[in-house]
Amino acid sequence: MKKKTVNLMLCLAAVIFMIPFYICIITAFKSPEETAISTWSLPKVWNLANFAEAMEKSNFLRSFGNSIVVTGIAVSGIVLFSAMMAYSICRNQRNRLYRMFNSILFAGIMIPFQVIMIPVYGMFKKLELLNTYQGIIVLMIGTSLPYAVYLVTGFIKSIPMDLEDAARIDGCNIWQTFWKIVFPLLKPITSTVGILHVLWMWNEFNISFIILQKEELRTLPIQQYHFFGQFTINLNLGFASACLSMIPVIIFFLFAQKMLISGITNGAVKG
């Protein structure tokens, strides 16, 4: 009886979470008149012209390329830097400076980006990093590292020190020990960190909104904002653009979900 209740609750939760996707998809195929009549009803004619118009007005291909570049470089940086930082923290826990840095880093998990958004904007303006790939990539990596380091730290603690001691006896220095011995063992958790942050960085809006103000540099989430103006809102084209931007990340998740689940169960909860 208890199992049936849990399954029923899970099915109900799944239906609730699928409602926004249902509205997004059917609205993308509707005309403005049909959308005004009913939000929930299916379109009488499935209108593909919305997608072509949305791609044209939002410069979809250019924004898609921007998202690929920004997401790819940012996630690569997050994976590499989180692994190196977590390793340094775990292997120097007796050092007061590393313990303090660890506490400060983890405190960043509790601070929402909205709290520091205005000071960050001012700082990046002075550094001339607004409207640059460097600016958004640095900010994406910086705001994502605390959580990524938290995940990797728990996994590194489970790696026996005997492996590193044996490597040092064989003549490996600290860099060789990390890259040849430790880093390959981090594949489950680095896969988890990478996959999670691909999903998050692809859909990131707040950072992109304040850093990328030039249209030629905007990523997909920012270009979708093009359809929601101060005086006019085009829901059909906006949702059509949203559907198009979801396709790559859905395909990526379908291929990566097994690796994500494996990484979470085998490594993310260790500590």
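## Crossing of α4 and α7

In this predicted model, α4 passes α7 in a right-handed crossing; a crossing is right-handed if the near helix is turned clockwise from the far one by less than a right angle, and left-handed if anticlockwise. The axes of α4 and helix α7 (residues 133-156) come within 6 Å and cross at roughly 40°. Axes are lines fitted to C-alpha atoms, for helices over the stretch in contact, and angles run from 0 to 180 degrees between N-to-C directions. The two helices α4 and α7 are therefore oblique to each other. Angles under 35 degrees count as roughly parallel, over 145 as roughly antiparallel, 65 to 115 as roughly perpendicular, and the rest as oblique.

By class, the contact of α4 with α7 has 21 nonpolar, five polar and no charged residues. Nonpolar covers Ala, Val, Leu, Ile, Met, Phe, Trp, Tyr, Cys and Pro; charged covers Asp, Glu, Lys and Arg; the others, Gly among them, are polar.

## Basis of the values

Residues are numbered from 1 along each chain as its sequence is written, and side-chain values use heavy atoms, with hydrogens and water left out. Because the model is predicted, local features need pLDDT of at least 70 and side-chain atom pairs count only at pLDDT 80 or more, whereas totals for chains, interfaces and linings use all residues.

Ser82 lies in helix α4 (residues 60-90) and is buried, with a relative accessible area of 1%. Buried means under 20% relative accessible area, exposed over 50%, and partly exposed in between, with a 1.4 Å probe and protein chains only. A polar atom of the Ser82 side chain lies 3.1 Å from the backbone oxygen of Val79. Leaving aside neighbours within four places in sequence, Ser82 is in contact with Gly77, Leu145, Ala148, Val149, Val152 and Val193; contact means heavy atoms within 4.5 Å.

Ile78 is also placed in α4, and at 0% relative accessibility Ile78 counts as buried. Not counting residues up to four places away in sequence, Ile78 touches Met140, Ile141, Ser144, Leu145, Ala148, Val193, His197 and Met201. Ile78 and Asn59 are 19 residues apart along the chain, and their C-alpha atoms are separated by 28 Å.

## The loop between α6 and α7

Glu128 lies in the loop between α6 (113-126) and α7, and Asn131 is found in the loop between α6 and α7 as well. Most residues other than glycine have a negative phi. Glu128 has a positive phi of about 60° although it is not a glycine, and Asn131 likewise has a positive phi of about 60° without being a glycine. Glu128 is exposed, with a relative accessible area of 68%, whereas Asn131 is buried, at 19%.

Leu127 is another residue in the loop between α6 and α7. At 52% relative accessibility, Leu127 counts as exposed. Leu127 and Phe239 are 112 residues apart in sequence and, C-alpha to C-alpha, 36 Å apart in space.

## Packing of α9 on α10

Helix α9 (residues 174-185) and helix α10 (residues 187-202) pack at an angle of about 65°, with their axes 5 Å apart. That angle makes α9 roughly perpendicular to α10. On the α9 side the contact is made by Phe183, Pro184 and Leu185, and on the α10 side by Lys187, Pro188 and Thr190. The residues of this contact divide into four nonpolar, one polar and one charged.

## Cys243 in α13

Cys243 lies in helix α13 (residues 235-268) and is buried, with a relative accessible area of 11%. Not counting residues up to four places away in sequence, Cys243 touches Cys24, Ile25, Ala28 and Phe51. Cys243 and Phe21 are 222 residues apart in sequence and 8.9 Å apart in space, C-alpha to C-alpha.

## The chain as a whole

The protein chain has 13 helices and zero strands. Helices (H or I, at least four residues) and strands (E, at least two) are DSSP runs, numbered from the N terminus. Taken along the principal axes, the C-alpha atoms of the chain fill a box of roughly 75 × 60 × 30 Å.

Of the 271 residues of the protein chain, 39% count as buried. Among contacts between residues at least 6 apart in sequence, 72% join residues at least 24 apart.

Conventions: A polar contact is a pair of N or O atoms within 3.5 Å; within protein, one must be able to donate a hydrogen and the other to accept it, and residues adjacent in sequence count only if both atoms are side-chain atoms.
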